Every structure is written in C-alpha cells, then in structure tokens.
Amino acid sequence: MKQYRNLIKPYLVWAFVVIVIPLILIALYAFTEDGNEVLTFSFTLENFCKFLEATYMSVIFKSFKLGILTTVICLGLGYPLAYIISKCPEKSQSLLILLVTIPEWINMLLRTYAWMNLLSDNGIINHLLGLLGISPVTMMYTDFSVVVGLVCNFMPFMIIPIHTSLSKMDKSFIEAAYDLGANKFQTFTKVIWKLSIPGVLNGIMMVFLLSISTFVIPKLLGGGQYMLIGNLIESQFISVGDWNFGSAISLILAVLILIFMSLMKKMDKDE
C-alpha cells in the first residue's frame, strides 16, 4: 500500500486550496472589521452580535420552520416510496431508483423555473382549474410554493438513504417476527422501522441542511420576499458587499450544521 500513498498528495493539495483556505478566509473575515489592510487586522465580535438582532433571528426561525416542514413532508412521502421500491425485484429496484434520481440530472435553476410556470397565476395548474370552472388560486410567492420547490428538489436525498437501509436489511429478522406471532403492523414498528433508522436519520440530515441553506428556490418561488439563511448570506456577499457579516453568518450556519450532525449521530448510536 505504501506505493499508493503518493497518489493521495494531489488530492490533499486540492482539498487544502479548495476547502481549507476558503474556511480560513471566512473565519478571518468573520472576526475582523470591514476595511482592514493585509498586515493590520482589527478583530471584533460585532459581526456575531449583529446576528442576534430581532431581524436576523427571525430569518433563522423562518429557515428552521420551512426546513422542518420540508423534512417532515419528504419523510412522510419518501419513506413509503422507498419501502415500496425495496419490496420490488432487484432489477426493478435499480430502474426505480434511477427514475428517482433522474430529476437531479437537470439543473436546480431550470427545475425551479419549471415550477414557476406551473404555479404562477397564469400557469398550467390554474389554466387546468379554469377549464374545470374553478377560479384561479394564488400559489406563487407563498409558503406553499417555497415548500413545494424544496420538497421536489430534495426528495431524492430522503428516498435513497432510506432505500439503502431497507434493501440491506436482513430479511430473516422479518421472518422471525412473523414466526413469533407478530402481525404486519408490529413487524413494521418493531423490526423494519428500527432497522431503517440509520437511513432515516441520514435522509433527515441531508434534506434539512439543504433546505435551510439553499437560496435559489426561496428567491424565485418566494418572489424575493422570503429571506432564509442562504438568501441572507448571498445578499451580504453579492448585494450589500458586507463580507465580514456574511462570513459571520456562514460560520454560524456551519456551527449549527455541525451541532445538528452530532445530534443525528448520537441518535443513531442510541438506537
């Protein structure tokens, strides 16, 4: 194996340049004031204190609200679908998982614009409702449109890890449960559900983290009036130009993500 160690070095260099250096710069901007020169830095915690203002705290609460709602819907819809796929023959499972992942091959921006055409006041859905004699329904620029976009974009990230856990499950446990007199509901709650929890936790983690950090979907489907954490970071870097505050928010989000991941891992170990 020693002869292969040199193959790792280019990756380590690439990881240092692309990952480590940007993280160092973000931390440096977060703890310094605006307008610092290269050799003289003025350190401060003002950027973090600013985030505690009511305006910005409401952003994080809104982000967590929509993130939790998106995760719950993805779990409620994704688990049954993953379970049904896992019950199919192995050859069919590969095809069905492929169908689940095909939408991810299309750029997220294009998928979001497609939902705008579907949900707009003059869109396809309202046009079909008009043909049925139903008055148009306002769906765009609401919580509904944002959640629909989040769910449809991140659903595969819930289905795939759950399906992986279900497909790798030892079927002898299920047979043993039936042999011991358990009915279908008891077998599911006591055996299938518990064995699939690692996949469920991985799906929850991925969907939740993606939901609270995205900015394209809330910006387009929310009409710019939905300011989530991702939108706030983007606006600070692109529109406002306050890189110090934007870096502080990014650092806070990174810490929240690490805490959430630690909790998920702890729950997985407890199970």
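Trainee: Is Arg 111 buried or exposed?

Mentor: In this predicted model, Arg 111 counts as buried, because its relative accessibility is 13% and the cut-off for that label is under 20%.

Trainee: Which residue does Arg 111 form a salt bridge with?

Mentor: The partner is Glu 104, and the closest N and O atoms of the two are 3.3 Å apart. Glu 104 counts as partly exposed, at 26% relative accessibility.

Trainee: How many salt bridges does the structure hold, then?

Mentor: There are 5 salt bridges in the structure. One of them is formed by Asp 143 and Lys 62, with the closest N and O atoms 3.1 Å apart. Asp 143 lies in helix H7 and Lys 62 in helix H3, so this pair ties together parts that are 81 residues apart in sequence.

Trainee: And how accessible are Asp 143 and Lys 62?

Mentor: Asp 143 is partly exposed, with a relative accessible area of 25%, and Lys 62 counts as partly exposed at 24%. Asp 143 also meets the side chain of Lys 65 in a salt bridge, at 3.9 Å from N to O. That pair again links distant parts of the chain, with Lys 65 in helix H3 and Asp 143 in helix H7, 78 residues apart. Lys 65 counts as partly exposed, at 48% relative accessibility.

Trainee: Before we move on, how confident is the prediction, and what is the mean pLDDT of the protein?

Mentor: The mean pLDDT is 84, and 93% of the residues reach 70 or more. Confidence is lowest in helix H14, residues 243-270, where the mean is 80, and highest in helix H8, residues 156-167, at 91.

Trainee: OK, switching to aromatics: how many aromatic pairs are there?

Mentor: The structure holds 10 aromatic pairs. Among them is the edge-to-face pair of Tyr 29 and Trp 243, at 5.8 Å centre to centre and with 65° between the planes. Tyr 29 lies in helix H1 and Trp 243 in helix H14, so the pair ties together parts that are 214 residues apart in sequence. Tyr 29 counts as partly exposed at 34% relative accessibility, and Trp 243 is partly exposed too, with a relative accessible area of 44%.

Trainee: What about Tyr 56 and Phe 245, what kind of pair do they form?

Mentor: Tyr 56 and Phe 245 form an edge-to-face pair, with 4.9 Å centre to centre and 65° between the planes. The two residues are 189 apart in the chain, Tyr 56 in helix H3 and Phe 245 in helix H14. Tyr 56 counts as buried at 15% relative accessibility, and Phe 245 counts as buried at 0%.

Trainee: Which residue lies over the face of Phe 245?

Mentor: Lys 50 does, at 4.5 Å from the ring centre. Elsewhere, Tyr 79, Tyr 83, Phe 188 and Trp 193 form one aromatic cluster.

Trainee: Where is Ser 86, and what is it in contact with?

Mentor: Ser 86 is in helix H3, residues 54-87, and counts as buried at 12% relative accessibility. Apart from neighbours within four places in sequence, Ser 86 is in contact with Gln 93, His 163, Leu 166 and Ser 167.

Trainee: Last one: what is phi of Tyr 141 near?

Mentor: Phi of Tyr 141 is near 60°, a positive value in a residue other than glycine. Tyr 141 sits in the loop between helix H6 and helix H7, and is partly exposed, with a relative accessible area of 42%.

Methods:
Residues are numbered from 1 along each chain as its sequence is written. Side-chain values use heavy atoms; hydrogens and water are left out. Helices (H or I, at least four residues) and strands (E, at least two) are DSSP runs, numbered from the N terminus. Buried means under 20% relative accessible area, exposed over 50%, partly exposed in between (1.4 Å probe, protein chains only). Contact means heavy atoms within 4.5 Å. pLDDT is the predictor's confidence in each residue, from 0 to 100. Rings of Phe, Tyr and Trp (its six-membered ring) pair if their centres lie within 6.5 Å; planes under 30 degrees apart count as stacked, over 60 as edge-to-face and the rest as tilted. A charge sits over a ring if NZ of Lys or CZ of Arg is within 6 Å of the ring centre and within 35 degrees of the ring normal. A salt bridge is a side-chain nitrogen of Lys or Arg within 4 Å of a carboxyl oxygen of Asp or Glu.
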